[in-house]
Amino acid sequence: MFIGHFAVGLASKRAAPKASLGPLMAAPLLADLLWPIFLLLGWEQVRLVPGGKTFQVLEFTSYPYSHSLEMDVVWGLLFATVYWGLTRYRAGAAVIFCGVLSHWVMDVIVHVPDLPITVNGSTRLGLGLWNSVAGTVLVEYVLLATGAWLYARTTRARDRTGRWSFWAFVALLALFYASSIFAGAPPTVPALAGGTLVLWLFPFWAGWFDRHRDVVV
Ligand SMILES: [Zn+2]
């Protein structure tokens, strides 16, 4: 899943309005923030499938440290604990924990069976929504629209940055996703990992426009 994870981050603001959108956005993205680093370190592997079907130009051969349910519970607990230690905001910590776990749950819906439950086990889950391109695209866009709508109803722009930076964020994601539908396999794994590292900018961007918006609920 791609923009659906951002949708969870945006929607999280409603459940934890006092939390900055930065960490709320980082939580559901966390598995995909760690993954390119683990790829570059050689801890996880991916196989490129040039000429593969839409959404299936990558074969996730091994990614237990970033994408197993077991490790996502660990990452979620770590992130939530650090967040709680810094802010003492219980709802925020709970939402962050759920956000980290949501990544695995949402990936299970779209991936073909490649998601591990434990680090060492051989069971792989995936309901394979990716086999339906139209179904996947519909689900991703409906999720993004719902997340953006919830966030827009939970907060109000205090200034132009709060308004336009937020809508630019949503529009760029929508465009990114549209272009990803037609993208082929990346040329090399380091190029893929390097490109994926761009995701690290998004929680900071979200935290930035969130500071220019007031909570209205
Ligand atoms: Zn993922």
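Is V137 buried or exposed, and what is its relative accessible area? In this predicted model, V137 counts as buried, with a relative accessible area of 18%, a value that falls under the 20% limit for burial.

**V137 and its surroundings**

- V137 belongs to helix α6, which spans residues 133-154, and, when residues up to four places away in sequence are set aside, V137 touches F55, Y177 and I181.
- Between V137 and L201, which stand 64 residues apart along the chain, the C-alpha atoms are separated by 24 Å.

**The zinc site**

- The zinc ion has as its protein donors D32 and D107, each through OD, together with H67 and H103, each through NE2, and these lie 2.1 to 2.4 Å from the ion.
- The arrangement around the zinc ion is irregular because the four donor atoms subtend angles of 82 to 172°, whereas a tetrahedral assignment would need all angles to lie between 85 and 135 degrees.
- For reference, the ideal angle for four tetrahedral donors at a metal is 109.5 degrees.
- Both D32 and H103 are buried.

**Aromatic pairs**

- The count of aromatic pairs in the model comes to 20, and one of them is the tilted pair of F38 and W75, with 6.2 Å from centre to centre and 35° between the planes.
- This pair links distant parts of the chain, since F38 sits in helix α2 and W75 in helix α4 (residues 69-87), 37 residues apart; F38 itself is buried, with a relative accessible area of 6%.
- The rings of F166 and F209 also form a tilted pair, because their centres are 5.4 Å apart and their planes stand at 50°.
- F166 lies in helix α7 (residues 160-182) and F209 in helix α9 (residues 201-210), so this pair ties together parts that are 43 residues apart in sequence.
- F166 is buried with a relative accessible area of 0%, and F209 is likewise buried with a relative accessible area of 0%.

- Most residues other than glycine have a negative phi.
- F55, which is found in the loop between β1 and β2, has a positive phi near 70°, and F55 is buried, with a relative accessible area of 15%.
- R88, which lies in the loop between α4 and α5, has a positive phi near 60°, but R88 counts as exposed, at 55% relative accessibility.

**Two buried serines in helices**

- S12 is placed in helix α1 (residues 3-15) and is buried, with a relative accessible area of 7%.
- A polar atom of the S12 side chain lies 2.7 Å from the backbone oxygen of V8, while the contacts of S12, not counting residues up to four places away in sequence, are with L24 and V95.
- S165 is found in helix α7 and counts as buried, at 6% relative accessibility.
- The side chain of S165 makes a polar contact of 2.9 Å with the side chain of W205, and the residues that S165 touches, again leaving out those up to four places away in sequence, are R160, W205, W208 and F209.

**Helix α8**

- In helix α8 (residues 189-196), the residues L192, A193 and T196 are buried, and they lie on the same side of α8 because they cover an arc of only 95° around the axis.
- The elements that cover the buried residues of α8 include α2, together with β1 (45-48) and β2 (58-62).
- At the start of α8, a side-chain oxygen of T188 comes to within 3.1 Å of the backbone nitrogen of A191.

Methods: Residues numbered from 1 in each chain as written. Predicted model: local features only at pLDDT ≥ 70, side-chain atom pairs only at ≥ 80, totals over all residues. Heavy atoms only, no water. Donors = N, O, S within 2.8 Å, 3.2 Å for Na, K, Ca; no water. Tetrahedral: all angles 85-135°; square planar, octahedral: opposite > 155°, others 65-115°. Buried < 20%, exposed > 50% of the residue type's maximum accessible area, 1.4 Å probe, protein only. Helix = DSSP H or I, 4+ residues; strand = E, 2+ residues; numbered from the N terminus. Arc of directions from axis to C-beta. Contact = heavy atoms within 4.5 Å. Polar contact = N/O pair within 3.5 Å; in protein donor to acceptor, adjacent residues only side chain to side chain. Phe/Tyr/Trp six-rings, centres within 6.5 Å; stacked < 30°, edge-to-face > 60°.
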